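Let's walk through this model together, going from aromatic rings to a helix pair and then to a loop. Keep the viewer open as you read.

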Amino acid sequence: MKNLLLYFNCLRPHQWIKNFLIFIPFLAAHQINKEIIMSSILIFISFSLMASSVYVFNDLIDIKADRAHPLKRYRAFASKKIPTSYGKFIAVLLLILSLMIGLKVSNIFIIILIFYFLTSNFYSIILKKIIILDICTLAILYTLRIIAGGVVLKIDLSIWLLVFSLFFFFSLAATKRQAELVDLIKRKKLKSINRGYKTVDLPIISMSALGAGYISVLIMAFYINSPEVIKLYSQPLALWGVCLVLLFWVTKVSLVTQRGEMHYDPIVFAVKDFGSQFCFVLIILFISIGILF
């Protein structure tokens with residue numbers, strides 16, 4: 001049982017939460033029916049398997065750098081708990097399963113999956129070593145999940161939603177780099193392994209994370225005043241509550257990261273942090289008020 005759990009954890013199942021972005025297009029457009037829900041579930045499963053395949057490949061590529069990291073060295077492959085030969089087999093198996101499920105959705109979805117796979121691995125091998133471009137790539141990969149949900153389900157994607165996503169996830173990606181640089185300073189190192197960043201870059205990366213986060217909130221404010229919202233929400237003013245919550249959360253994340261209290265993955269922090277969980281509940285509440293009242 002312990003070995004099964006070890007193999008399951010190497011898939012990084014906690015990262016599957018990112019794939020809930022697939023559901024955003026039909027939820028935002030208020031287009032909910034049985035067919036869309038079933039297709040979305042298949043897309044979610046396929047994307048999760050594909051993402052796990054990419055993470056396993058990434059762990060194999062980063063194995064040397066992970067062994068030098070205070071936390072990542074405990075990962076299954078870096079700690080030699082799972083042989084790297086098994087890792088290659090797991091990654092290929094997940095890739096095949098993902099594509100098999102994807103074929104049941106549509107050919108367009110297969111193209112998106114392949115693009116995601118190639119871009120992610122290109123990022124792991126080359127792009128992550130190029131400053132700023134690595135952050136932009138991560139923001140695009142996040143947004144690609146929303147695009148997949150909209151294009152495959154034939155739902156018109158709001159330009160506001162896509163621009164918000166790019167800035168918001170640019171902020172999260174920059175926060176991840178900020179956390180790494182703060183950790184490097186704590187460990188009295190000047191440069192990260194396999195990254196192009198140096199500790200002297202911390203002020204710029206910190207400002208980029210906070211600035212992009214604030215811009216995403218501003219875009220949300222513009223969206224609230226758009227004709228689309230007036231058509232979809234009976235009480236659009238309730239969405240201003242979402243802006244306030246996001247403003248609070250983006251600022252909190254920046255402070256936590258600067259203090260060196262951020263997990264090396266902001267997604268993990270958001271899932272485990274009570275304040276983030278409460279913010280999520282408030283966002284759902286404000287959106288529900290906007291729709292129902």
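There are 14 aromatic pairs here, counting rings of Phe, Tyr and Trp (its six-membered ring) whose centres lie within 6.5 Å. This is a predicted model, in which local features need pLDDT of at least 70 and side-chain atom pairs count only at pLDDT 80 or more, while totals for chains, interfaces and linings use all residues. Residues are numbered from 1 along each chain as its sequence is written, and side-chain values use heavy atoms, with hydrogens and water left out.

Take Phe-47 and Phe-109: their ring centres are 6.1 Å apart and their planes meet at 50 degrees, so the pair is tilted; planes under 30 degrees apart would be stacked, over 60 edge-to-face, and the rest are tilted. Phe-47 sits in helix α3 (residues 34–61) and Phe-109 in helix α6 (residues 107–125), so this pair ties together parts 62 residues apart in sequence. Helices here are DSSP runs of H or I with at least four residues, numbered from the N terminus. Phe-47 is buried at 0% relative accessible area, and Phe-109 is buried at 0% too; buried means under 20%, exposed over 50% and partly exposed in between, with a 1.4 Å probe and protein chains only. Elsewhere, ring pairs link Tyr-142, Phe-164, Phe-168, Phe-169 and Trp-249 into a cluster.

Helix α6 also holds Tyr-116, which counts as buried at 4% relative accessibility. Leaving out residues up to four places away in sequence, Tyr-116 touches Phe-47, Met-50, Ala-51, Val-54, Leu-141, Leu-144 and Arg-145, where contact means heavy atoms within 4.5 Å. From Tyr-116 to Ala-51 the C-alpha distance is 8.6 Å, although the two are 65 residues apart in sequence.

Now turn to a helix pair. Helix α9 (residues 202–224) and helix α11 (residues 240–258) pack at about 175 degrees with axes 9 Å apart; the axes are lines fitted to C-alpha atoms over the stretch in contact, and angles run from 0 to 180 degrees between N-to-C directions. That makes α9 roughly antiparallel to α11, the word for angles over 145 degrees.

Finally, where is Gln-15 found? Its place is the loop between α1 (2–9) and α2 (24–28), and Gln-15 is buried, with 2% relative accessible area. Beyond its neighbours within four places in sequence, Gln-15 is in contact with Tyr-55, Asp-265 and Ile-267.

Note on methods. Helix = DSSP H or I, 4+ residues; strand = E, 2+ residues; numbered from the N terminus. Parallel < 35°, antiparallel > 145°, perpendicular 65-115°, else oblique.
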